[in-house]
Amino acid sequence: MNDLATAGGTVADEADVIVVGAGPGGSAAAYHMARHGLRVLLLEKTEFPREKVCGDGLTPRATRQLIRMGVDTSEKAGWLHNRGLRVIGGGVRLELDWPELASFPNYGLVRTRLDFDDMLAKRAVEAGALLRTGVNVTGPVLDADGRAIGVEARVGPGKEPVQYRAPLIVAADGVSGKFPLAMGLAKRDDRPIGVAVRRYYQSPARADDDYLESWLELRSAQDRERLLPGYGWIFGLGDGRVNVGLGILNSSSAFGKTNYRAMLTDWLGTTPEDWGMRDEANADGPILGAALPMGFNRVPHYTRGVMLVGDSGGMVNPMNGEGIAYAMESGELAAEVAVQALARPAGPDRERALQAYPAELKIRFGGYYRLGGVFVKLIGNPQIMRIATKHGMPHPTLMRFVLKLLANLTDPRDGDAMDRIINGLTKVAPAV
């Protein structure tokens with residue numbers, strides 16, 4: 001691989017693929033591409049380690065992707081394992097273990113994004129990718145036909161302009177999606193979107209929890225009878241701290257009209273005093289927020305030399321707000337398609353191969369995300385949510401089905417009756 005382009009200069013064909021953004025999706029794409037022999041340039045605007053707004057909880061779906069990248073997910077390697085999901089709502093506290101499946105491990109993980117993203121970027125480098133940090137990609141380099149053949153960037157303390165060239169670009173620049181926007185790909189307003197806020201607290205009483213905890217009902221400390229919009233979570237981090245947050249969807253009438261940070265502290269005022277979340281002195285850092293782009297809210301996922309991966313392509317699961325698993329899965333799929341496409345000569349034959357990427361994404365997730373869009377509209381109605389919580393929570397079998405559906409955890413073949421129902425629903429649902 002050629003060295004870094006000089007300021008104000010251009011390096012032609014510096015890589016086979018340029019990956020913009022070294023989050024989970026970008027690093028997964030870079031890892032799998034490099035492992036298959038492609039020359040990969042991975043560009044990240046920040047320096048590692050770096051913070052990201054996230055719940056830090058990983059389901060078995062995300063855990064599977066880590067294993068596929070050769071990551072040691074043992075507790076000895078610093079991971080906090082979880083057995084399943086604890087759901088609180090309707091006066092019921094229910095612990096649901098992750099399902100026993102052939103396709104997915106039966107445990108989830110917790111790890112802060114501070115070193116999680118750093119770890120994945122290092123795996124990509126170990127596989128052969130060239131990582132450049134402190135490179136702020138500002139837009140594409142286009143040929144006469146409007147196809148991306150490289151990227152414009154600013155590097156160094158002086159923000160000097162530079163170009164990098166490659167026949168294929170992977171946009172993995174997160175929810176902001178600046179690169180897709182520069183390609184003319186705007187967000188779709190008819191797809192779900194959420195907002196999440198989170199904060200770390202010192203809480204030895206809750207830090208070593210072996211369940212991810214989800215609160216379906218949030219009550220106000222000012223008025224215990226008043227339900228707050230949205231849902232909440234508490235994830236132990238295993239280091240004396242917890243990640244506490246809440247999310248709200250755009251199907252809620254309160255979306256965009258609520259002080260989410262104030263709502264978080266209001267809800268935490270109802271938690272037991274010995275958890276330590278009522279006391280500002282136990283807070284470890286500020287309350288941070290981020291958008292959750294859901295249900296393929298930016299398409300097409302491939303156009304004119306650019307593949308969209310993860311949040312850049314709006315791949316957050318509308319059912320549960322999970323984004324990391326889908327970022328990593330789309331990164332691996334992008335790699336599989338890119339390897340085949342770049343083995344063909346530039347032109348119609350290569351383009352035909354690259355179109356397999358959006359087609360396969362639609363097959364894998366299109367029907368499921370359509371169901372997720374319906375789900376979002378339903379739970380945005382407080383009355384429906386209250387009824388569902390009240391009548392659904394007391395039935396463990398029903399809730400185990402709901403867990404499989406919301407976490408998208410089924411065996412595609414030879415599964416149980418629940419798996420067959422869920423798989424059937426996603427097949428008959430028209431893809432988004």
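This is a predicted model: local features need pLDDT of at least 70, side-chain atom pairs count only at pLDDT 80 or more; totals for chains, interfaces and linings use all residues.

Biologist: What's the helix and strand content over residues 14-184?

Modeller: That stretch is 24% helix and 35% strand. The C-alpha atoms at its ends are 25 Å apart.

Biologist: Okay, on to Q163. Is Q163 buried or exposed?

Modeller: Buried, because its relative accessibility is 15% and the cut-off for buried is under 20%. Q163 is part of strand β12, residues 160-165.

Biologist: And which side chains does the Q163 side chain make polar contacts with?

Modeller: One is E152, at 2.9 Å. Another is R165, with a side-chain contact of 3.0 Å.

Biologist: Switching to helices. How do α1 and α6 pack?

Modeller: Helix α1 (residues 24-35) packs on α6 at about 30°, with 7 Å between the axes. Angles under 35 degrees count as roughly parallel, so α1 and α6 are roughly parallel to each other. The crossing is right-handed.

Biologist: Which residues make that contact?

Modeller: From α1 you have P24, G25, A28, A29, H32 and M33. The α6 side includes I324, A327, M328 and G331.

Biologist: What about α2, which residues are buried there?

Modeller: In α2 (residues 60-68), they are P60, R61, A62, T63, Q65 and L66. These pack against several elements, among them β4 (57-58), α3 (113-127) and α6 (324-342).

How values were computed
Residues are numbered from 1 along each chain as its sequence is written. Side-chain values use heavy atoms; hydrogens and water are left out. Helices (H or I, at least four residues) and strands (E, at least two) are DSSP runs, numbered from the N terminus. Buried means under 20% relative accessible area, exposed over 50%, partly exposed in between (1.4 Å probe, protein chains only). A polar contact is a pair of N or O atoms within 3.5 Å; within protein, one must be able to donate a hydrogen and the other to accept it, and residues adjacent in sequence count only if both atoms are side-chain atoms. Contact means heavy atoms within 4.5 Å. Axes are lines fitted to C-alpha atoms, for helices over the stretch in contact, and angles run from 0 to 180 degrees between N-to-C directions. Angles under 35 degrees count as roughly parallel, over 145 as roughly antiparallel, 65 to 115 as roughly perpendicular and the rest as oblique. A crossing is left-handed if the near helix is turned anticlockwise from the far one by less than a right angle, and right-handed if clockwise.
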